Amino acid sequence: MARSDMQVRLRFLGAAQNVTGSRHLLEVNLQDSGKRRPVRVLVDCGLYQERQHRARNWEPFDVPPDSIDAVLLTHAHLDHCGLLPKLARDGFKGKIYCTAATAEIAKIILLDAAKLQEEDAEYKRRRHEREGRKGPYPVVPLYTVADAEACFGLFSPVRYKQPVEIAENVEATFCDAGHVLGSSIIKVKVGQNGQVRSILFSGDIGRPDRPIVHDPAYVEQADYILVESTYGDRVHQQRQDIEKAIAEVVNSTKQAGGNIIVPSFALERSQEMLFYVNALLLENAIPHILVFLDSPMATSITRVFENHPELYDEEMAEYIDKHKSPFEFPGLKMTESTRESKAINQIRGTVMVIAGSGMCTGGRVKHHLVNNISRAESTIMFVGYQAVGTLGRRIVDGEKQVRILGQERPVKAKVVQIHGFSAHADRDELLEWLRELKRPPRKVFVVHGEPESAQHFGDYVREQTGWQVSVPAYQDEIVLD
Ligand SMILES: [Zn+2]
C-alpha cells in the first residue's frame with residue numbers, strides 16, 4: 001500500500017486550550033479497504049466541567065456516534081469518561097477499551113454522575129416551575145442512571161503493554177500513566193506493510209515517587225504526540241514531607257480536643273490519605289483515633305484498589321507483604337448510610353473524617369464542616385487543589401465567614417493546606433517524559449491545559465528540543481502525513 005493510499009486525520013473535540021472534556025477523534029481512510037467511510041477511533045469521551053464550556057455537553061456529537069468504531073479510554077476521571085453514557089445512548093455500539101481497573105472505577109463514577117444529572121434536572125425543573133420561566137437548556141438530565149448502566153456492557157478490558165487490534169489496521173497499546181489507578185498512556189498504530197504511523201496519547205500523566213501507583217511509563221518512539229499540560233506552566237513546590245505535615249495536624253488537633261475534617265476526592269486522594277494515616281499509626285507517630293471514610297463512592301473505589309494489587313508499585317507491594325492492606329487498620333470505619341454519617345457527630349474526642357466532595361461543593365463533607373468550622377479546636381485539612389469560586393477555595397483563602405447549607409458560619413477552625421499531593425506532572429516532569437523518546441516526533445500537540453499553560457508549555461518544549469509543536473484549538477482538524 002502506498003503512503004498516499006492512507007490518510008489519517010486527527011480532530012480535536014475537547015480539552016483543546018482548556019482542561020476538561022477530553023475527546024480526540026482519529027479518522028483513518030484506507031483506500032484499498034473497500035470501505036466508503038473512514039475508520040473512526042475516539043480517544044476519551046469526557047465531560048466539560050468548566051462553566052463556560054458546559055453547553056458543549058449538550059450539543060450533538062461532531063460525527064454520528066454510530067459511525068465511531070471504538071473508544072479508547074485513558075482513565076476514569078469524569079473529564080475523560082463522563083460523556084460515554086450520552087455517546088452510547090445516541091448510537092455508539094462499539095467497544096470501549098480500557099484497563100479493568102479503569103472500567104470498574106468508571107462505572108462507579110458514571111453512576112454517581114448520572115444520579116447528580118437526574119437530581120440537577122429535577123431541581124432545575126422545580127425552580128423554573130416556581131419562577132415561571134424557561135432556562136437555556138432543556139430541563140432533562142444530560143443522561144440518566146439507565147443510560148449509564150446501558151453503556152457498561154461496552155467496556156472491554158485490556159492489559160498494559162499488550163497490543164490490541166481495535167479496528168481494521170488500527171492497533172492500540174496501553175501503558176501505565178501513573179496518574180490514578182488503571183490510568184493509561186495509549187499508543188495507537190495505524191496502517192500496515194511498513195506504512196505505519198504511530199500516535200501517542202498521553203492522557204493525564206502522573207508524577208514519579210507517589211504512593212500506591214507506578215511511576216509513569218516512558219515511550220521510546222511515536223510519530224505524533226498529544227501531551228497534557230495541566231501544570232505545563234509551573235514547577236511544583238518542593239514536595240513537603242506529607243507524612244510529617246499530617247502527623248502535626250493530627251497531634252495538635254488531638255491535643256486541642258477537636259476533629260480533623262479532610263475534604264477529599266473519592267479517587268486516589270482518599271486512598272492515599274488512608275495509606276499515609278496507616279503508615280503514621282505503624283510508626284507510632286500519631287495516636288490511635290477513629291478515622292471515618294465517609295464517602296460511599298470512595299469506599300467502592302477503595303474496593304477496586306483492593307481487587308487490583310497487580311497495579312501497585314514496588315513500595316506498596318512491599319508494604320502489603322509487611323503490614324497487610326493500608327485500607328484496613330484498627331479504628332478505620334467506612335460509613336455507608338447517612339444515619340451512620342450523622343452519628344459521627346455524636347462522638348466525643350478527636351476523630352478524622354475523610355469525605356467528599358474534594359472542593360466542598362457538595363456531598364457529606366458539608367455536614368461535617370457545619371459541625372466543625374466554627375470550633376476553634378477542630379482543623380479543616382485540605383489535601384487537594386481548590387478551584388476559584390468553590391467553598392473550599394474560600395475557606396483556604398482565609399475568609400472569616402462562609403455560607404454552608406444556606407447559613408453563614410464563622411470560620412474559627414484551623415485551616416491547613418498540605419501541598420505535594422498533585423497527581424499531574426509539572427512542566428519539568430512533562431518535558432522529562434517527552435525527552436525519553438529515542439528520536440524526535442514529527443509533531444507534538446499540546447492539549448488538556450488552560451490556554452496560557454498550554455501555550456507556555458508548547459513554547460518551552462520547542463525551545464528545549466527544537467521539535468515542531470502546536471497548540472490546537474477546539475474543533476481543529478489536522479492531517480497526519
Ligand atoms: Zn485525570
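The axes of helix α5 (residues 242–256) and helix α6 (residues 269–282) come within 10 Å of each other and cross at roughly 75 degrees. That angle makes α5 roughly perpendicular to α6. This is a predicted model.

**Helix α5 against helix α6**
- On the α5 side, the contact is made by I242, E243, I246 and A247.
- On the α6 side, M273, Y276, A279 and L280 take part.
- The residues of this contact divide into seven nonpolar, no polar and one charged.

**Helix α3 against helix α7**
- Helix α3 covers residues 100–131.
- α3 packs with helix α7 (residues 296–307) at an angle of about 170 degrees, and their axes are 10 Å apart.
- Angles over 145 degrees count as roughly antiparallel, so α3 and α7 are roughly antiparallel to each other.
- From α3, the residues that meet α7 are A101, E104, I105, I108, I109 and D112.
- From α7, their counterparts are M297, S300, I301, V304 and N307.
- Sorted by type, the residues of the contact of α3 with α7 are seven nonpolar, two polar and two charged.

**The seven-stranded sheet**
- Seven strands form an open sheet, in the order β7-β8-β9-β10-β11-β20-β21.
- The pairing in this sheet is mixed.
- Strands of a sheet pair through backbone hydrogen bonds, either parallel or antiparallel.
- β7 and β21 (469–470) stand at the edges. Each has a single partner strand, so one side of each is left without a neighbour in the sheet.
- Helix α12 (residues 427–435) lies across β9, β10 (195–201) and β11 (224–228). Helix α12 runs at about 160 degrees to β11.

- β7 (residues 164–167) and β8 (residues 170–176) run antiparallel, joined by three bridges.
- V164 has A172 of β8 as its bridge partner.
- β7 and β8 form a hairpin, with two residues between them.
- In the turn, N169 has a positive phi of about 60 degrees.
- β8 is also joined to strand β9 (residues 184–192), by seven bridges, and these two strands run antiparallel.
- E171 stands opposite K189 in β9.

**Two buried threonines**
- T102 is found in helix α3.
- The relative accessible area of T102 is 0%, so T102 is buried.
- Beyond its neighbours within four places in sequence, T102 is in contact with L73, T74, H75, A76, L181, G182 and S183.
- T173 lies in strand β8.
- T173 has 17% relative accessibility. Buried means under 20%, so T173 counts as buried.
- Leaving aside its neighbours within four places in sequence, T173 is in contact with K161, Q162, P163, I185, I186 and K187.

**Cysteines without a disulfide**
- How many disulfides does a search of the whole structure find? The search finds zero.
- A disulfide needs two cysteine sulfur atoms within 2.5 Å.
- For C151, the closest cysteine sulfur is in C81, 8.6 Å away, which is too far for a bond.
- C151 counts as buried, because its relative accessibility is 0%.
- For C175, the closest cysteine sulfur is in C98, at 15 Å, again too far for a bond.
- C175 also counts as buried, at 17% relative accessibility.

Terms used:
Residues are numbered from 1 along each chain as its sequence is written. This is a predicted model: local features need pLDDT of at least 70, side-chain atom pairs count only at pLDDT 80 or more; totals for chains, interfaces and linings use all residues. Side-chain values use heavy atoms; hydrogens and water are left out. Two strands pair if DSSP finds at least two bridges between them. Helices (H or I, at least four residues) and strands (E, at least two) are DSSP runs, numbered from the N terminus. Axes are lines fitted to C-alpha atoms, for helices over the stretch in contact, and angles run from 0 to 180 degrees between N-to-C directions. Angles under 35 degrees count as roughly parallel, over 145 as roughly antiparallel, 65 to 115 as roughly perpendicular and the rest as oblique. Contact means heavy atoms within 4.5 Å. Ala, Val, Leu, Ile, Met, Phe, Trp, Tyr, Cys and Pro count as nonpolar, Asp, Glu, Lys and Arg as charged, and the others, Gly among them, as polar. Buried means under 20% relative accessible area, exposed over 50%, partly exposed in between (1.4 Å probe, protein chains only).
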